[in-house]
Every structure is written in C-alpha cells, then in structure tokens.
Amino acid sequence: MRFLYLHSINMKTRTRRLRGNETLRRMVRETRISCDALIYPLFVREGKGIEEELPSLPGLTRYSPDTVAKGIDEALSAGVRSFLLFGVPKAKDENGSSACDEDGVVQQALKNIKKRFADDAYLITDVCLCEYTSHGHCGLIRDGKVDNDATLPLLAQTALSHASSGSDMVAPSAMMDGTVAAIRNALDAERFKDIPIMSYAAKYDSAFYGPFREAAGSAPQFGDRKSYQMDWHNSKEALKRIEIDIEEGADIIIVKPALPCLDIISQTARQIKLPTAAYSVSGEYAMIKAAAASGFIDEYKTMCESAVAVFRAGADILITYFAKDLAAAIRKGDVG
C-alpha cells in the first residue's frame, strides 16, 4: 500500500513538474500542428476586378480569377501554401454545364494562379455541381430526384478539366455513389495518373453549411440533400462509405464537418492507413466569429482550442477558414 501511495504521489509530482514553465509545456505537448497541414478555402466568382467581403463569413474575401492571386499571396505570406478552390459562375443551368467548361471560373483561376506562383501554391479543386446548377443540387435532376448515375460523367469531366487547367488535386464533394471510381478512371485514361483524389467520403447533411451556401450561391432551390448526404445520427455508415471510396481509389479521406464529428475523425484515423482530413466548415467559423463579436468568447483562444481538438482526435489535415490565423498561432507557439 505504501508503494502504491508513493507511486501515485510521484506521478502527480512528475505531471506538475512537466507543467513547470512555458518552454517545458511546449516541449512535452502531445498534439502539434504544422502549417503544412492546413488548407485554406477560397471562393472565386466569375467576373473581373472582384474583391468583396463575404457577409456570412466575416474576414473572408471572394475574388475573381484575375484578383485571386492577391488572396493566394496573402496566405502564402502567412505560411499557408495549400488551397481549396470553389467556383461561383455567372450563369447556371439545370445540368451545371459550366462546371466542366475549359474557360470556366475555376479553370481560369487555376491558370492565373499557376502562371503567377508556379509550384509555390498547392491547388485543390472542389468537384461538385451545386454551385453551377440552377436548382442548387449536387447532381442532375431527373423526374424530380437526383440521378446519381447520370451525374457521374459530368463530375468526371469536371475533374478532368480542373487537372488540365493546373489543379494539383481534386476533391469530389457531391456524394454521388461511384464518383471516386469515375474520376479516377477519367484521370488515368488521360495523362493525370499522378493527380490525387481527396474524397469527401464522410460528408454529413449538416446544418453547419449555411454560410458557405450563401457565399457560393449553392443553396438547394427545392427539397434538401438528405438523399445523398449522410444522416448525422450514423457512424457505421461513414466508415462504410470511407471504405468504399478507398477501394475506388481515394488517396485522402475528408470528414465534414469537423467539431460535430470528432468521433468519426477518431474512428477513421484508427481504421484507415490513408491520411484523414477534417473540414472545419463555414458554420463552425461563423459561430466563433459571432460569439466573439458579442463578447461571449475569446476568438483567438477558441480558434486555437478547436483546431487542436480536431488534430487530437486524429486528423492529419485541417481545411479551415482560419488557416491564416492558425498559421500565425503556430509561429507564436500557441498551437504548434
């Protein structure tokens, strides 16, 4: 008994000693974040000379293809070098035709960025139709319902057009069954066998996407997305969909949203041998911003704590609108 008592005291003393000063606390941290693990989403709107603040996402700017280099440059200066591009076209139709246009908004942005920054910026492109369809759904509508199989060729063609324009990685988010296989086959059939696929394999039908839909103009005009996005009551379904996407050729797996899905991130990281990315979505960002603006929380500390929680759960990569601010926090040693 005396040995057990002394052992307990010694362990408590050791733990206290390891919190002795800031340098030591940083030295023994279990969870560390690198700027290399951050991906910064950027919205690109068709047109010229556009630099407009997003009302739903305070502090963020929507650019046009000719001005997006400014957003890239600012992020690179902050220490972030990976970007996820979302396009906002002028014209939309029922088939989302402009998504795969070789001169589309994302395709223009890719060419301009690569011309300016070459390999300094790593460019990932979202592959979906919701920003391009007049009805706002992620797939083609047939008889009032999303037609999964009819959508696949258009998604594959969109990914191919992105790769042709300079995308370093494609990220299909439409949640159509068979998307990863369709895209992998299309890329491999051309000269793009080395282009990785980062799949939104576990994307829940979440209420946290509202600010994004305003920024991207992608809210569904009728119904909802429950028929193809996942029910947030389920976890086994997420692991099954992840397994399927890996079999089809996914190279990185995304779990979305992040904070409401820490359990899914943890299970995914333990189960798979591929990198796990978490998408801290627009609603998570907007909540922190709104609560901080009201004086209820400290924005900086909450941002840091939230990001660390995602990595502590097992994520290897974090897609976040706070990427530039987190890079600064990493340099200061607050989350690194």
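I number residues from 1 along each chain as its sequence is written, and side-chain values use heavy atoms, with hydrogens and water left out. Since the model is predicted, local features need pLDDT of at least 70 and side-chain atom pairs count only at pLDDT 80 or more, while totals for chains, interfaces and linings use all residues.

**Strand S9.** I took helices (H or I, at least four residues) and strands (E, at least two) as DSSP runs, numbered from the N terminus. In S9 (residues 198-203), six of the six residues are buried, so the strand is largely enclosed by the rest of the structure; buried means under 20% relative accessible area, exposed over 50%, partly exposed in between (1.4 Å probe, protein chains only). I find S9 running parallel to S10 (residues 252-256), with four bridges joining them. Valine 255 of S10 is the bridge partner of alanine 202.

**Arginine 62.** I located arginine 62 in strand S3 (residues 61-63). Its relative accessibility is 13%, so it counts as buried. Its side chain makes a polar contact with the side chain of glutamate 52 at 2.7 Å. For a polar contact I require a pair of N or O atoms within 3.5 Å; within protein, one must be able to donate a hydrogen and the other to accept it, and residues adjacent in sequence count only if both atoms are side-chain atoms.

**Serine 167.** I then looked in the loop between H5 and strand S8 (169-172), where serine 167 sits. At 3% relative accessibility, serine 167 is buried. Its side chain makes a polar contact with the side chain of threonine 125 (3.0 Å) and reaches the backbone oxygen of methionine 169 at 2.7 Å.

**Helices H5 and H6.** H5 (residues 148-165) and H6 (residues 179-189) pack at about 45°, with axes 9 Å apart. Axes are lines fitted to C-alpha atoms, for helices over the stretch in contact, and angles run from 0 to 180 degrees between N-to-C directions. I therefore class H5 and H6 as oblique to each other; under 35 degrees is roughly parallel, over 145 roughly antiparallel, 65 to 115 roughly perpendicular and the rest oblique.

**Helices H10 and H11.** H10 (residues 282-293) and H11 (residues 299-313) pack at about 155°, with axes 9 Å apart. That makes H10 roughly antiparallel to H11.

Methods
Pairing = 2+ DSSP bridges.
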